[in-house]
Amino acid sequence: MNYISVENVSRAFADKALFENVSLGINQGQKIGFVAKNGYGKTSLLNIIAGKEQPDSGSVNRRNDLRMAFLSQEPDLNQEQTIEEVILASDIPTIQIIARYEKAMENMDDADAYQKAFDQMESHNAWDFETKYKQILSKLKLDNLSQKVGKLSGGQKKRIAMAIALLSDPQLLIMDEPTNHLDLEMIEWLEEYFKQEDYTILMVTHDRYFLDRVCNEIIELDNGNLYTYKGNYSYYVEKKEERLEIEQTTQEKAQQLYKKELQWMRRQPKARTTKSKSRIDDFYTIKEAAFNRRQEHQVELEINMQRMGTKVVELHKISKSFGDKNLIENFDYNFQRGERVGIIGKNGTGKSTFLNIINGDLAPDTGKVTIGETVKIGYYTQSGINIKPGQKVIDVVKEYGEYIPLNKGKIISASQLLERFLFDNKKKHDFVEKLSGGERKRLYLCTILIQNPNFLILDEPTNDLDIPTLNVLENFLMDFPGCIVVVSHDRYFMDKIVDHLLVFNQSGEITDFPGNYSDFRAYVGTTDIALEKETVKAPEVKAAPKPEKKTAPAGISREDQKELSRLENKIKQLEVDRKKLQDSFLDESIDPETMTENSIKLGAVKEELEEKEMEWLELTERLGV
């Protein structure tokens, strides 16, 4: 059954076309994830489909009796009402049916009205609504319904809007970044809820695990074209790679044909026959295909940051409370060089407070923080960047630094850094106020990185970033040689970046867990411990082994374990890189220039691989592994 048909829809913003002649259909049972880069008009397209905005051209046809709910990034709620008043004032059909039934109960003399109200209760299964109502509010942690909306955080408002959307029992649910501001427990509950409930879904989200576990179809808007993948996110990644390989082959063939036709054009035939004019027209089509290059950039930076001393950041019995709320109690911890720590816990357990204490923005109630002399902290906060009217993107970054020093005396300029984080030449010279929310977050990241810190603190760095930017950031952080401390609700990001977790709970206790987030969920699942419990006891290292890594024998320090793990991961990556480069020489269409470049890269990879293998061998011999 077709719910919505989108036909040749276009939308432009100022002088920029967001999308042109986009067509798609939404049918019953589909759970669609919509993927595109920031600034490509994802939110605009959702608003047009939901009827919140009108397209510049084209049409959207909706089924007449379609029940539809729309969850926007920034919910528009009455600030003067309480949570309960906002929910009851919404046009949730079941609430209206219950209200009519209660009114009919008060006037039993009108038998027809009562029977009609009773039949509606039956047909909409409204008798069970109270149970569903309480379950959803409880899972979304909306317990105090008498709170005024105007006094709530952005995350709490988002949860109210989510509750209203779910309680409205829609056939089609359209959501723009539904997991933003939700903690990990809520996100996982929502995943299970969508698996069980018979919703048709269209959503934009950067949460790749959420896309993987909820969606059965991915639609991507890429370079003005719409591509459909009949599977989840993992399927999309696999098939997109295949599509790009085909596109690359097609472009290479077009380039070869272009060279041939260019020679013909240069001969300047004097007599222009109908056939030659047709060939001239075809030449320009071939030229466009040959030079239609994808604007993709890989971050390959060997940063030459200031070397850390033996003392990095030391926390000595720090405690912090706000009123009666005890967030951190007598916590000791010494960060090591190259450490990658993820911080998880429910909202309100003190994660951001902990980061502010490390950075010196907030003093602990007791205890002290010691920062090593060689440590340079870069702190990415949730508040984002301050926009100055009339300022251009490149000037914002240059305020913080002109370049980052690389190994072997090379540098990367502010302009080059922006390019690697997907700002093209035109965008670099745009005014900052013209950027989308995600682009501003990307720019903010660049202002932190251009300062060349060796200790990165990242508080929800993935919020509002699109998936291509997340891939760029992850590639950068995978090669980052300094310390990383990150708070994020993005489980995919955490699994890829961190080595171990600090788990915050409601009582002020912080537990060090030896593994990434998926390891942690596997552990708490097998030991019957959940995030909502007050205490999470630290497991033995062997209780949550990483399948790809050897378990280090007893007696080896944590720093040595991490160094061994880092070397093993680096060797695996270099072996993959070597295999790709070697396979590239088997491609008959490879041009001499690319072959030379790949040959140089292969030599460098082999050299680094030998170096890392020798380091690994020396370390294992020293440790007796």
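Is C215 buried or exposed? C215 has a relative accessibility of 6% and therefore counts as buried, where buried denotes under 20% relative accessible area, exposed over 50%, and partly exposed the range in between, with a 1.4 Å probe and protein chains only. C446 is likewise buried, at a relative accessible area of 0%. A search of the whole structure returns zero disulfides, a disulfide being a pair of cysteine sulfur atoms within 2.5 Å.

The model is predicted: local features need pLDDT of at least 70, and side-chain atom pairs count only at pLDDT 80 or more, whereas totals for chains, interfaces and linings use all residues. Residues are numbered from 1 along each chain as its sequence is written, and side-chain values use heavy atoms, with hydrogens and water left out.

The chain has 625 residues, of which 47% count as buried. Its accessible surface is about 32,000 Å², and carbon and sulfur atoms hold 47% of that area; the areas come from the Shrake-Rupley method with a 1.4 Å probe, and for residues only the protein chains shown count as cover. The chain contains 20 helices and 20 strands, taken as DSSP runs (H or I, at least four residues, for helices; E, at least two, for strands) and numbered from the N terminus. Among contacts (heavy atoms within 4.5 Å) with a separation of 6 or more, 68% link residues 24 or more positions apart.

The strands around β10 may be taken next. Strand β10 (residues 313-322) runs antiparallel to β13 (residues 366-371), with five bridges between them; strands pair if DSSP finds at least two bridges between them. In this pairing L315 stands opposite V369. Strand β10 is also antiparallel to β11 (residues 325-334), through six bridges, and I318 has F331 of β11 as its bridge partner. A hairpin with two residues between the strands is formed by β10 and β11, and G323 in the turn has a positive phi of about 65°.

The largest nonpolar core has 48 residues, with L443 and L477 making the most contacts inside it. Such a core is a set of buried Ala, Val, Leu, Ile, Met, Phe, Trp, Tyr and Cys residues joined through side-chain atoms within 4.5 Å. Helix α15 (residues 437-449) contributes the largest share of this core, six residues. Beyond four places in sequence, L443 touches residues including I385, V393, L418 and F423. A second, separate core of 47 residues includes V149, M162, M175 and M203.

Finally, N180 lies in the loop between β6 (172-176) and α7 (184-196). N180 counts as buried because its relative accessibility is 4%.
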